[in-house]
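Q: I am new to this structure and would like to learn how to read it. Could you walk me through its features, step by step?

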Amino acid sequence: MNDISEYHRRLPYGERVLPEPLLGGPFFPFEGDLQVVPLAEPVIPEPPRAGEPGGNPCPTCSDPDGNAIWGDEQWVLKAGFEPNGLPMVAILVPREHYRLDNLPPVLTATLGPVIQRIAGAIREIPGVGRTHFSRWGDGSEHFHVWFLARPLGMMQLRGAMIAAWDDLLPRVPTAEFQANARTVASALSSVGGTPLGVAAAS
Ligand SMILES: [Zn+2]
């Protein structure tokens, strides 16, 4: 099952596929003469992620309180790993080290409600139109869900390319980020849990 498939055998390794399907699209942030990087061969078995045997230590378990802005008995919300171009980029992690596939029922039961609460709390930040969230999981084994604040009216930032725009847009000043973190943590704490880190400082 975890091996080269028909899908893999069909692909043009070493070649550059054409960028045209994306060029001129309403959400694509680049124009002009672009070329796609050559398609790399698959690496199977895949190298270990952080937190897996043979991989780097789990960054979440190595620094449980690092960048935390809110937490309750089960979950921690972290933000501010680096300066961002969006009003808020955060990750939700369980306090204990689990993957999605072994997340115990006591956590899966609260995952939906906490996602709903965080999405609403991030929308409390002035100028935020919608909260995007996604789970990728390619970097670290410790289950985490990304949240990205999409500024109101910024229609080019709809969809998955918002992550690229986060790297491209001018950096949010530190004081503004901290105010946004306090807004999110305060909204979450009105239901449960506690503001942490920069969000707890008055
Ligand atoms: Zn961990």
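Q: Which protein donors does the zinc ion have?
A: Donors are N, O and S atoms within 2.8 Å of the metal (3.2 Å for Na, K and Ca); water is not among the atoms, so sites may look incomplete. Here the donors are C58 (SG), C61 (SG), H97 (ND1) and H142 (ND1), lying 2.1 to 2.3 Å from the zinc ion. A word on the source: this is a predicted model, where local features need pLDDT of at least 70 and side-chain atom pairs count only at pLDDT 80 or more, while totals for chains, interfaces and linings use all residues. Residues are numbered from 1 along each chain as its sequence is written, and side-chain values use heavy atoms, with hydrogens and water left out.

Q: What arrangement do the four donor atoms make around the zinc ion?
A: Ideal angles at a metal are 109.5 degrees for four tetrahedral donors. Four donors count as tetrahedral if all angles lie between 85 and 135 degrees. Around this zinc ion the angles are 105 to 117 degrees, so the arrangement is tetrahedral.

Q: How are the donor residues spaced in sequence?
A: The spacing reads C-x2-C-x35-H-x44-H. Helices (H or I, at least four residues) and strands (E, at least two) are DSSP runs, numbered from the N terminus.

Q: Is C58 buried or exposed?
A: Buried means under 20% relative accessible area, exposed over 50%, and partly exposed in between (1.4 Å probe, protein chains only). C58 has 8%, so C58 is buried. H142 is buried as well, at 1%, whereas C61 is partly exposed, with 40%.

Q: How many disulfides are there?
A: A disulfide is a covalent bond between the sulfur atoms of two cysteines. The rule used is a pair of cysteine sulfur atoms within 2.5 Å, and the count comes to zero.

Q: How many helices and strands does the protein have?
A: There are five helices and six strands, and from the N terminus on they run α-α-β-β-β-α-β-β-α-α-β. The C-alpha trace spans about 55 × 40 × 25 Å along its principal axes. Of the 202 residues, 35% count as buried.

Conventions: Tetrahedral: all angles 85-135°; square planar, octahedral: opposite > 155°, others 65-115°.
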